[in-house]
Amino acid sequence: MRLNKYISHNSKYSRREADALIEAGEVTVNKVKMDNFSYEVKEGDQVSVRGLHVKERTELTMVVFNKPKGTLVTRKDDRGRTTIFHKLPGKFRHFIPVGRLDFASEGLLLLTDSPKVAEVMMKSGLDRTYNIKIDKPLTPEMEQAMQEGLVLDDARAGGHEKSKIYGMEFAPFVYYEVRGVSTHFTKLRVTINEGQNRELRRFFGHFEANVLDLKRVEFGGIQLNNLPTGKTRFFTRREYDDLHKYLKILRQVEAQEKKEEEDRLKAERIREKKKNQTEDQKRRAESAEKKRLKEIKQKNSNRNNPNKKNRK
């Protein structure tokens, strides 16, 4: 994990504040001042900020937050706009959002005090379910793309105007259901298993349809239900149990993949060693053959030139 990310995940500082602290020489790693912004924190490293040790959080707390529209999923905004941390109780100021919902979107947002869990869940293929409203009727082309997936070289429509993301690939939707239709809009419930930047807005933007409302109502089996806007709740015991089971499966899969990779590398090393041995044996055999032929040639030369032999 990069140094600024490690500090922001395990302290009260944001990533930008961590960068400023690194630049000011107030961050040490193993008691040595660190000015390398790209430094990857390794297991056993002791990171300190202004002389205070930054401890890696090992406990796990999960919170469900009903994000209101008009709030940013970030700690601070240069333009002074409202962030989720203006709405969250102070005891959650160090929590990490699992993914993002854009400024105009609302609904279920998970937060945790575990950087590792946040990263795992953000990268996961867990289902995300949304209620959305678009400003056009649903077309056969939209339905085909939802069923089969979509690859766009230009996916800027629906994205933020300053976004540097150009192309995008959309996996087939896990599920979709039409919940309301008129001549001017369509209401849908859709489930996807990705979390790309403004993914649904870009998807429908390709078909020249604007997403008027977007509300996430479920993430990985965790449901928003009747949680009021701007309010939080902790995971239930069942939700914690399900999460721990999921994380255990992931660890088992990762361990298996690691073992398979180690076995693959070991097999490659053995093959390379055998190859080198074979080549070495071949070189020795060729060298011995050259020496033998040279000796035969020398003997023949001596037989054909007795005077040379006598001179010796």
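Visitor: In which loop is K31 found?
Guide: This is a predicted model, in which local features need pLDDT of at least 70 and side-chain atom pairs count only at pLDDT 80 or more, while totals for chains, interfaces and linings use all residues. Residues are numbered from 1 along each chain as its sequence is written, and side-chain values use heavy atoms, with hydrogens and water left out. Helices (H or I, at least four residues) and strands (E, at least two) are DSSP runs numbered from the N terminus. On that numbering, K31 is found in the loop between β1 (27-29) and β2 (32-33).

Visitor: Is K31 buried or exposed?
Guide: Buried means under 20% relative accessible area, exposed over 50%, and partly exposed in between, with a 1.4 Å probe and protein chains only. K31 has a relative accessible area of 75%, and therefore K31 is exposed.

Visitor: What is the phi of R50 near?
Guide: Most residues other than glycine have a negative phi. R50, in the loop between β3 (47-49) and β4 (52-53), has a positive value although it is a residue other than glycine. Its phi is near 55 degrees.

Visitor: Is D102 buried or exposed?
Guide: D102 lies in the loop between β6 and β7 (106-112). Its relative accessibility is 17%, so D102 counts as buried.

Visitor: Which residue's side chain joins that of D102 in a polar contact of 2.8 Å, besides S105?
Guide: A polar contact is a pair of N or O atoms within 3.5 Å; within protein, one must be able to donate a hydrogen and the other to accept it, and residues adjacent in sequence count only if both atoms are side-chain atoms. The side chain of S105 makes such a contact with the side chain of D102 at 2.8 Å. The other partner, also at 2.8 Å, is R201.

Visitor: What is the length of the polar contact that joins the side chains of S105 and R201?
Guide: S105 is placed in the loop between β6 and β7. At 1% relative accessibility, S105 counts as buried. The polar contact between the side chains of S105 and R201 is 3.0 Å.

Visitor: How much space lies in the largest pocket?
Guide: On a 1 Å grid over the protein atoms alone, a cavity is a set of points where a 1.4 Å probe fits but cannot get out, and a pocket is an open set with protein on both sides within 12 Å along at least five of seven lines; lining residues have an atom within 4 Å of a point. Grid points are joined across faces, edges and corners, and a volume is the space filled by probe spheres set on the points. For the largest pocket, that space is about 1800 Å³.

Visitor: Which residues that line the largest pocket are closest to its centre?
Guide: The lining has 46 residues. The closest to the centre are V73, T74, R100, L101 and N197.
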